[in-house]
Amino acid sequence: MYSLLTIVLPTVFIGSLVILMVYRNKRLSGELPQGLFPFLAILFTSGLDVGLIIFPLTEFSVYASEPPYQFTNPLAFMFGAWGFLIWILYFFSTFYFCAIEPKVKIFDIPWVKTINNLAIVSTCAFTAFLFTSYLPDYIDGISLASTYLLAGIVVLAAVYSSTDVRYVRGLSVSSTWVFYGLILGVFLFSGLGFGDLGQSLVLLSDYFNHLPKFTYAVSDYHGFYLFWWFAWSIMIGQFVARFVGNLPTWQLFIALLIFPSIPIALWFSVLHLYYANDIEISATLNTVMIAVGILFVVNSLDSLTRLYTQNLTLTVEKFGRRNYIVLNWLLLCGLVLLYQFTPFKIEWVGMVVIGLYIATAVILFKKRATWQMGKD
């Protein structure tokens, strides 16, 4: 299964570079164009989830000790799993939904639409499932009942936020500032200086020295990450394409690869200071990290919920706010239990999304005369 990634990932990367070179000056706009910062905030908070907050401290030791990762340092590998090159997937899909999909309407074809929205709902539920899975590691002594109660409240908040795009935008912008505040706060609590942070940041250069290594799965766990990114890629492209505000393609490329990678690099570098210096995370910091993690879960879920409900016309206007909230809350909670009590995996969703990429490419080739576009 993971061997498929060695073909698909390089194909997407090369295709993205071709798009960048051929259509670099083509201006792109979505249905609800936003300014650059709101757009970046929506992208950052929608395109990431709680794993960004809680995974690094548990995974640095894995990357430091296990053989597949010894070609680089743990911080560089952690960054490679979350930053820079992998965001090309979002660029690829965002460009498509801005520039091509409005002309060909492939995702309005009934069978494509059905598969796409099943993938969105499944990925949405996986985000909530991941939250329930890792919560006991961060809240000592929390019961199973309390875990599911908190998860239910988080899903409810996300579904409510999805009822109005203004809530989605406002939550994204505020959460971005909160995340920068978290980076600063965790760094200051470490008691270390900017020189130490600089040394940590230097370690990231090894990621770029081994960039080709990150174009395929170096282990099954890395493959899990890559399938997870694929599962997100089409739906995030669909969602954030609506907010692109008259950007030329080259600026969109920078916006999607460079700007999200900066806070990710800073956050991972700060956490690496704790790992490398064996600094214990205090109860206060742990609580703050959990709170920010919850914010990211809500951000991810509200974006995807708004996407699939609009795609399927399961809207507030159609059902009313109360019925909309109840329907989607029950749907997402039910799918969380599906992940919990069945062998269902996010890798399967990633495979389905890869299938959608292939199907879209075939249909585009057949309809190539209908979507040809200028370079500007």
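Predicted model: local features only at pLDDT ≥ 70, side-chain atom pairs only at ≥ 80, totals over all residues.

Residues are numbered from 1 along each chain as its sequence is written, and side-chain values use heavy atoms, with hydrogens and water left out.

The protein chain holds 18 helices and two strands; these are DSSP runs (H or I of at least four residues for helices, E of at least two for strands), numbered from the N terminus. Its C-alpha atoms fill a box of roughly 60 × 50 × 40 Å along the principal axes.

How much of the chain is buried? The share is 56% of the 376 residues, where buried means under 20% relative accessible area, exposed over 50% and partly exposed in between (1.4 Å probe, protein chains only). Among contacts (heavy atoms within 4.5 Å) between residues at least 6 apart in sequence, 87% join residues at least 24 apart.

Now look inside. The largest nonpolar core has 138 residues; such a core is a set of buried Ala, Val, Leu, Ile, Met, Phe, Trp, Tyr and Cys residues joined through side-chain atoms within 4.5 Å. Helix α12 (residues 220-241) gives the most to this core, with 15 residues. Among the members that touch the most others are Trp82 and Trp228. Leaving aside residues up to four places away in sequence, Trp228 touches Asp49, Phe55, Trp82, Phe126, Leu130 and Ile346.

On to the backbone. Most residues other than glycine have a negative phi. Phe84, though, has a positive phi near 50 degrees. Phe84 sits in the loop between α5 (74-82) and α6 (88-104) and counts as buried because its relative accessibility is 19%. Asn246 also has a positive phi, of about 55 degrees, and lies in the loop between α12 and β2 (247-248). With a relative accessible area of 42%, Asn246 is partly exposed.

Finally, Leu144 belongs to helix α8 (residues 144-161) and is exposed, since its relative accessible area is 63%.
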